[in-house]
Amino acid sequence: MTIYLVLFALLILNGILFGRDRRKFVFISFALMTLVAALRGTSVGIDVDLHYASNFTAIANADWSSLSFFTGNTGYDWGFVTLCKLFGMISDDPQIFLFATSLIIYSSIGRYIYRQSDDAVLETYVFFTSFLYFMTMNIVAQALAIAVVLLAVDFLAQKKYIRCLIFMGLAIAIHSSAIVCLIFIPISFLKMKRSNVAWFTVIAGVVMVLFNQIVYPLASTFLPGYTWYFGRESGGRTVGFSAYSLFWIITYLIPLVLAIVYIYLKGHMEDRETRLLPTKVQFNRKKIYIGVNGTKTVEQVSVTFLTYMTIISVMCKVLYHAMEIVNRLGYYEYLFAFTLLGCAVNRIDSFRNRRIVKAGIYLFMGICFLYFCASAGEGSYGVVPYQFFWE
């Protein structure tokens, strides 16, 4: 576990030293996370240890004509098997697989935070301390799909829906659970009106009440690889409620509550789609980013879209205790909740109150990370104990 504590400390130090230099901070932070993930041994990560490492070697040594065997017998989707075969053309050593996938996953997440976040330091910190980093080291195929979906988000923000669908199709080919991301496009058209929120909540409530009748048939049809999560009598594998579960729920409730208080009730619904993305930033009391060494205009997803994604995130964390599969499906939305968190915090009018709220978030997430790190890392993801590949 020492490696994660060192990484935690380095991320904090990086934020202190380079927090105002967005490009340098994001690059250093995700380079460190990539390095730790890429140099881990094949025993780090439950799924890596159980099947990814051994199946990668088998795929790397198989003929192209026989790859269909792996889609039929391993539960992998054809896009993921194809990627494994391409990586295997370099070497059949599983370390190549871990290095290549780590580079793709964390480059994409870092790129997303660099382009879409209003507070890259805060969002990176919460990404790590919420254990999403641990998750990506475990369920590698789905993490690759998430990485591709994050690329599609750029086209969603630009309203280039055909290109967005193409990237989402690639994500679905890598991991079929990414099919849930097709709802992103219709949700991007929703306005943040009381009637829309009410209908959204009603539909969510119906899904919760009729979870057994709705989700099982859908998953059996579109996500057959997930059928082992379900049981017809119980409605799926359940997970007991615990202090760790409460931490999860609170983590995603915080952005939603802050957004309601400091964005919607305050009327701070300014469009994010034409924000300047500076290489170095200063944050003044008027909430305007000023580029010191040049700026770059990027189109960003709306605060409304982020809010609906956060509502889904909260629902997934609550429903997780009724059926484990919803947590995995929620991984596609969780990063958006952290982006909303940065939006809400940076729209607090009082500079003093903003600092207090941010300090509270840093403290809460940091303490919870240190408290749950060992148990979550070992029990939930299998990334504890950590071993380098040469050990």
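The model is predicted, so local features need pLDDT of at least 70 and side-chain atom pairs count only at pLDDT 80 or more, while totals for chains, interfaces and linings use all residues. Residues are numbered from 1 along each chain as its sequence is written, and side-chain values use heavy atoms, with hydrogens and water left out.

**Aromatic rings**

- The structure holds 43 aromatic pairs, where rings of Phe, Tyr and Trp (its six-membered ring) pair if their centres lie within 6.5 Å, and planes under 30 degrees apart count as stacked, over 60 as edge-to-face and the rest as tilted.
- Among them, Phe131 and Phe247 are edge-to-face, at 6.1 Å centre to centre and 80° between the planes, and both Phe131 and Phe247 are buried (under 20% relative accessible area, with exposed over 50% and partly exposed in between, for a 1.4 Å probe and protein chains only).
- Phe247 also pairs with Phe364, and because their planes stand at 45°, with centres 6.0 Å apart, this pair is tilted.
- Phe364 counts as partly exposed because its relative accessibility is 26%, whereas Phe247 is at 2%.

**Charge over a ring**

- The charged end of Lys317 sits over the ring of Trp248, 3.2 Å from its centre, a description that requires NZ of Lys or CZ of Arg within 6 Å of the ring centre and within 35 degrees of the ring normal.

**Surroundings of Ile312**

- Ile312 has 10% relative accessibility and therefore counts as buried.
- Leaving aside residues up to four places away in sequence, Ile312 touches Ile183, Ile187, Phe200 and Glu333, contact meaning heavy atoms within 4.5 Å.
- Ile312 and Thr201 lie 111 residues apart in sequence, and their C-alpha atoms are 9.7 Å apart in space.
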